[in-house]
Amino acid sequence: MNHLIAPSVLAADFANLQRDIELINNSEADWFHVDIMDGVFVPNISFGFPVVESIARHATKPLDVHLMITDPDRYLETFKNAGATNITVHYEACTHLHRTIDAIKKMGCTAGVALNPHTPISLLEDIIEDVDLVLVMSVNPGFGGQKFIKHTYQKLHTLKALAAGRNDSLYIEVDGGVNLTNATSLVKAGANVLVAGNFVFSSDNPMKTINSLKELDPF
Ligand code: DX5
Ligand code: ZN
């Protein structure tokens with residue numbers, strides 16, 4: 001599969017949200033990456049349901065919702081109703097991950113699991129066939145604009161090997177510190193969805209930056 005680009009709305013200008021949503025609509029981006037932080041699971045608070053609903057109202061592409069919250073089961077349906085296409089929960093936040101993944105899929109969304117940088121891929125051994133997406137955090141979750149953690153490459157290789165033959169349509173998403181310097185290597189290592197926040201929205205021409213991430217040189 002050709003890799004997908006999911007610009008992170010967290011790095012957009014919230015006072016000009018409609019402008020930035022249109023920019024993503026008109027770019028070669030594939031998904032909107034929507035980061036939800038509760039101030040408990042991560043040391044930061046982002047935004048809640050009214051903002052997700054507003055994004056969904058204007059977005060012409062799927063909403064990839066990344067829940068950095070404790071006990072996400074309480075809010076799955078609300079996020080689905082707010083417009084989520086994919087819902088990703090954190091491995092570290094779910095006591096009954098299989099049940100949570102099942103609940104997401106029963107609602108008609110695709111279901112993802114995210115791993116913090118210290119959480120090994122091997123813990124997915126018994127759930128790999130049940131998820132649509134695995135999000136490999138390449139920074140500690142909570143903030144945009146952090147430095148990429150290089151150990152991520154090794155995790156992507158391990159994940160690709162784990163999924164081979166067991167879940168060949170798996171989305172392998174990498175999130176945190178993605179830029180044009182590491183994008184090609186990340187895709188080579190197995191990523192097929194690249195999230196990018198600050199690298200896109202801090203650039204002079206965000207649309208061009210999205211398109212450059214999409215059109216990586218062939219390798
Ligand atoms: C971090 C979030 C990321 C973040 C990425 O906790 O999950 O999605 O927005 O931002 P950059 O690309 O700036 O690291
Ligand atoms: Zn994210």
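In β4, aspartate 64 has asparagine 86 as its bridge partner. This is a predicted model, in which local features need pLDDT of at least 70, side-chain atom pairs count only at pLDDT 80 or more, and totals for chains, interfaces and linings use all residues. Residues are numbered from 1 along each chain as its sequence is written, and chains are lettered from A and ligands numbered from 1 in the order in which they are written.

Strand β3 (residues 63-68) runs parallel to β4, joined by four bridges. Strands are DSSP runs of E, at least two residues; helices are runs of H or I, at least four; both are numbered from the N terminus. Two strands pair if DSSP finds at least two bridges between them. On β5 (residues 110-115), β4 pairs in the parallel sense over five bridges. Here asparagine 86 stands opposite threonine 110.

β3, α3 (residues 76-82) and β4 form a right-handed β-α-β unit; so do β4, α4 (residues 97-106) and β5. Right-handed means that, with the strands pointing away from the viewer, the path from the first strand over the helix to the second runs clockwise.

β4 (residues 86-90) is largely enclosed by the rest of the structure, because five of its five residues are buried. Buried means 20 or more other C-beta atoms within 10 Å of the residue's own, exposed 12 or fewer, partly exposed in between, with C-beta atoms placed from the backbone. In a regular strand the side chains alternate between the two faces of the sheet. Asn86, Thr88 and His90 cover one side of β4, Ile87 and Val89 the other.
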